[in-house]
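Visitor: I have a new model open on my screen and I'd like to learn how to read it. Could you walk me through it?

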Amino acid sequence: MIVLIFRVGSEINRIAVLNGLRALGFSLIWPYVGFILYKLGLPFWLIGIYYSTQMAVSFISQVVGGLLTDLMGRVKLMIIGNVGAGVSLILTYLLIKLNVVVMLLLLTQSMFNGMFAVASSTIVGDLERGVVNLIRAYSRIRVGANAGWALGPLISGYVMYYLGYGYVFLITALIALSATPIILTLRGLERRVMSFRLIRVNVDFGLFLVPTIMLFSTMGLMGFALTTYYNVVKHIAISNIGLVYALNGFMVVALQDRVGRFLSSRDVRVWLIYGSLIYYVSYSLVSLVENIYEALLDIALVTVGEIIVSPIVQALAMSMAEEDKRGQYMGIFGLATSIGRTMGSVLSSEAMQFMLNDPLALWQVLSLPAAASAIIYTLLFKLNRRLINLVKVT
């Protein structure tokens, strides 16, 4: 399916196909990790520790991965990250009855995936220049990734229902490993920096990461928080919850490329703020959802926010990176977004202990970081001259 969408000859399209295949695999588990750990017998507080530990794992994988991307080259690290994650998930399948061991293996595969993500994102910056071109490139890659994302959660809902939780890890591993030959076709794009000094990101980049972390905290609710709330509180079947994530993926496939072209000719400052506010509103409305049909309507609004903000934040981050340290900058950016997503999972696991049966309070608490990010972005775009000039459409 993914190959039919893209002409594989183009470098960006090849990367999109690669991300699509990997997303098809890893989306079988991404939305359900915390839920699976809960079903394997881990309490909410230990699941919170799992997500908190992921912050440390993200720090190692993103920062070290950024350094290794520049030193070893993008493609080599992509191979290491992909194979390492696949092997970790095969071990998870084999040891599924040992819930604490499963938790540790999932953290290991997160480390390898983080390294892959840094290298994969950096190679796009090697191919494209300027905010306009980067928005279009990242939009195209998101189409590929979400072609896989659209199917994965739907498939895994039925796999877990009929076969059990362990099989989603095995299937994910096999799909991920099957993507290795595509990575090998990217060898001609290899690039590395022979020497480096310890990175110190520029001030503008550092300031930009503050609201970005907050925004990704709300973005991180798509997964453990939504799945657990809909299943435990609203009693929506896990197979039906797969439809929610499938709709998200299909919408991105259908709209992301078009929206990317639209955004590339607009003032992205304004649209980043709009997208952040859409995230706040859409996740606030989760408290009103009572059935699968309303859940599908709400995820459609969530996806609109995602389609707007995701390529913009990636393009702006890459545009602020120093040319000879793109891998390290994207490692820091990946770390920031991973911290944000992990904060969302930690916040939701802790909040659910006390507010699981008070939906209005729960989803207000969880969605507020997106509203705060919109306010901080507004202040940055008004007060930071370099950032103002960077995002002006030429």
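**Reading the model**

Guide: Let's start with one residue. Leaving out neighbours within four places in sequence, glutamine 256 is in contact with Ser139, Arg142, Val143, Met251, Ile307 and Pro311. Keep in mind that this is a predicted model.

Visitor: Where does glutamine 256 lie?

Guide: In helix 12, which covers residues 238–263.

Visitor: Is glutamine 256 buried or exposed?

Guide: A residue counts as buried when its relative accessible area is under 20%. Glutamine 256 comes out at 0%, so it is buried.

Visitor: Let me try the whole chain. How many helices and strands does the secondary structure come to?

Guide: There are 17 helices and 0 strands. The chain has 394 residues, and 60% of them count as buried.

Visitor: How do I tell what share of the contacts links residues 24 or more positions apart?

Guide: Take the contacts with a separation of 6 or more, then ask which of them join residues 24 or more positions apart. In this chain that share is 85%.

Visitor: Now the nonpolar side chains. What is the general idea?

Guide: In soluble globular proteins, nonpolar side chains tend to be buried together.

Visitor: And here, how many residues does the largest nonpolar core have?

Guide: It has 112 residues, and those with the most contacts inside it are Leu37, Leu226, Tyr230, Leu272, Tyr283 and Trp363. Helix 14, residues 292–319, gives the largest share of this core, with 12 residues.

Visitor: Pick one of those for me. What does tyrosine 230 touch?

Guide: Not counting residues up to four places away in sequence, the list is His235, Ile236, Ile241, Val286, Val289, Ala295 and Asp298.

Visitor: Last topic: helix packing. At what angle do helix 10 and helix 13 pack?

Guide: Look at the angle and the distance between axes. Helix 10 (residues 203–219) and helix 13 (residues 268–284) pack at about 30°, with axes 10 Å apart. That makes the two helices roughly parallel, because angles under 35 degrees count that way. Their crossing is left-handed.

Visitor: Which residues meet there?

Guide: From helix 10, Phe208, Leu215, Thr218 and Met219 meet Leu272, Ser276, Tyr279 and Tyr283 of helix 13.

Visitor: How do helix 13 and helix 14 cross?

Guide: Their axes come within 8 Å and cross at roughly 145°. The contact includes Trp271, Leu272 and Tyr283 of helix 13 and Asp298, Leu301 and Leu316 of helix 14. This crossing is left-handed.

Notes: Residues are numbered from 1 along each chain as its sequence is written. This is a predicted model: local features need pLDDT of at least 70, side-chain atom pairs count only at pLDDT 80 or more; totals for chains, interfaces and linings use all residues. Side-chain values use heavy atoms; hydrogens and water are left out. A nonpolar core is a set of buried Ala, Val, Leu, Ile, Met, Phe, Trp, Tyr and Cys residues joined through side-chain atoms within 4.5 Å. Buried means under 20% relative accessible area, exposed over 50%, partly exposed in between (1.4 Å probe, protein chains only). Helices (H or I, at least four residues) and strands (E, at least two) are DSSP runs, numbered from the N terminus. Contact means heavy atoms within 4.5 Å. Axes are lines fitted to C-alpha atoms, for helices over the stretch in contact, and angles run from 0 to 180 degrees between N-to-C directions. Angles under 35 degrees count as roughly parallel, over 145 as roughly antiparallel, 65 to 115 as roughly perpendicular and the rest as oblique. A crossing is left-handed if the near helix is turned anticlockwise from the far one by less than a right angle, and right-handed if clockwise.
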